[in-house]
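Visitor: Could you walk me through this one? I'd like to start with how the chains meet.

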Amino acid sequence: MNLYQEQISVGIMILGALLVLIAMIGIVRFPDVFCRAHALGKGLTLGLMILLFGIWLDPKTEVSGLKVIAAIFFQFVTLPVASHLIARLSYEKNLPRARRR
Amino acid sequence: MRSLVLNVLVAVIWLLLQTQPTLLDFFVGAALGFLLLFLFRPVLHSGDYVRRVIAANVFVLLFAWEFLRACVQLIRLTLFVPVDRLRPDFLIYDVSGLTRLEILLLSHCVSLTPGTCTVDISHDFSRLYLHVLDCPDPAAVRRDIDNTLRRGILAFTR
């Protein structure tokens, strides 16, 4: 168990970083603000959660379990709210949006 | 409410019995307390609490599955689908029968499930404005939210 713990944690952290990268590619690629809020809200939430989980498993980092769980919880609660606020603000300001073709 | 206090009390007592209390022991104690409440529900009148806790746990599992599905869909739309093929659209979802807390939970969960994102709510708290990333059929999206999120949330709030 202890032998592979570091490799497993690094693997999980790389997975999380890849998800964050995909979310960022989405933010660049999608046509309007609302679609970008989607990429922010979902991709970044899961990406950061997986990344923090990887840090939790890492034997060399000295963090207690509750701290990481709290960090994951607050990511989970606040990031979707951020994406909702971006969408709401651009809705109120009538920013241009991609129409259905 | 009384059942919740009992459950936490059993967890704390279990924690005090350990020589080296850890976070895991608290959850083990909470699970044992829940088991007691489940076994003695005719005596303690905790049937409603037991039902709600089970429904909430089922909902958490269901929501985790939906969340994973949302991320897979996002990855697919980001990397493998041309941008012109997306059909983003707004959608109005009716929430007139729900309390404020239920609307809050629903809108938060909607932001994290496949293809939808909460944009705004009408002033009388009866309609949610959603934005859908790829929306060929609005009725299917509404049905999906009805069947998974709304039913799951109502199962443990009522």
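Visitor: How many salt bridges are there between chain B and chain A?

Guide: Between chain B and chain A the count is one salt bridge, meaning a side-chain nitrogen of Lys or Arg within 4 Å of a carboxyl oxygen of Asp or Glu. This is a predicted model, in which local features need pLDDT of at least 70 and side-chain atom pairs count only at pLDDT 80 or more, while totals for chains, interfaces and linings use all residues. Side-chain values use heavy atoms, without hydrogens and water, residues are numbered from 1 along each chain as its sequence is written, and chains are lettered from A and ligands numbered from 1 in the order in which they are written.

Visitor: Which residues form the salt bridge?

Guide: R88(A) pairs with D120(B), and their closest N and O atoms are 3.8 Å apart.

Visitor: And which part of chain B gives the most to the side that touches chain A?

Guide: Helix 4 of chain B does, with ten residues; helices (H or I, at least four residues) and strands (E, at least two) are DSSP runs, numbered from the N terminus.

Visitor: How many residues does the contact take from each chain?

Guide: It takes 37 residues from chain B and 33 residues from chain A, where contact means heavy atoms within 4.5 Å.

Visitor: Switching topic, what does strand 1 of chain B pair with?

Guide: Strand 1 of chain B runs antiparallel to strand 3 (residues 127-132) of chain B, and six bridges join them; pairing requires that DSSP finds at least two bridges between two strands. In this pairing, D89(B) stands opposite V132(B).
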